[in-house]
Amino acid sequence: MTLEKKSKILVTGGAGMIGSNLVKKLVEKEYDVFVADNLWRGKREYLLSNKGLLIIPEQNFFEVDLRNFENCLQVTKGMDLVIHLADIVAGINYVFSNENTVYRSNILINTN
């Protein structure tokens, strides 16, 4: 698939460590980058570079819970490409203490 400059690309989990680095690379390549993140582990500060903001938060940032199907429909509307990195991740102790919640959340996010 070939994308034109200014193609609309949504990065789910884009305020996380890996997602924000991908956002930076996509912005450098002059794509119109959007981020969907619930900020559970991601941080808005990750969307900064030494040149300032990577995206315009008011226009290109969606603080949403992707476990909700309607939210997924809303943030993907009009996008040329979605790069899905969103996932519930946490320390091993948290995961094993909350297995059902973590697994159910990740299944919903990935299914939606």
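Here's a quick briefing on threonine 12 and the sheet it belongs to. The model is a predicted one, so treat what follows as computed from that prediction. Threonine 12 sits in strand S1, which covers residues 8–12, and S1 is part of an open sheet of 4 strands.

**Threonine 12 up close**
- With a relative accessible area of 5%, threonine 12 counts as buried, because that value falls under the 20% cut-off.
- Set aside the neighbours within four places in sequence, and threonine 12 is in contact with Ala36, Leu66, Val82, Ile83, His84, Leu85 and Ala86.
- One of those residues, histidine 84, also has a side-chain link: a polar contact of 2.8 Å joins its side chain to that of threonine 12.
- Glutamine 74 is 62 residues away from threonine 12 in sequence, and the C-alpha to C-alpha distance in space is 13 Å.

**The sheet**
- Reading across, the strand order is S5-S2-S1-S6, and the pairing is parallel.
- At the edges you'll find S5 (61–63) and S6 (81–84), each of which pairs on one side only.
- From one strand to the next, the twist averages 15°.
- Strands of a sheet pair through backbone hydrogen bonds.

**S1, S6 and the helix**
- S1 and S6 run parallel and are joined by 4 bridges.
- Valine 11 has isoleucine 83 as its bridge partner in S6.
- Helix H1 (residues 17–28) packs on the sheet and touches S1, S2 (32–37) and S6.
- The direction of H1 makes about 170° with that of S1.

Technical notes:
Residues are numbered from 1 along each chain as its sequence is written. This is a predicted model: local features need pLDDT of at least 70, side-chain atom pairs count only at pLDDT 80 or more; totals for chains, interfaces and linings use all residues. Side-chain values use heavy atoms; hydrogens and water are left out. Helices (H or I, at least four residues) and strands (E, at least two) are DSSP runs, numbered from the N terminus. Buried means under 20% relative accessible area, exposed over 50%, partly exposed in between (1.4 Å probe, protein chains only). Contact means heavy atoms within 4.5 Å. A polar contact is a pair of N or O atoms within 3.5 Å; within protein, one must be able to donate a hydrogen and the other to accept it, and residues adjacent in sequence count only if both atoms are side-chain atoms. Two strands pair if DSSP finds at least two bridges between them. Axes are lines fitted to C-alpha atoms, for helices over the stretch in contact, and angles run from 0 to 180 degrees between N-to-C directions.
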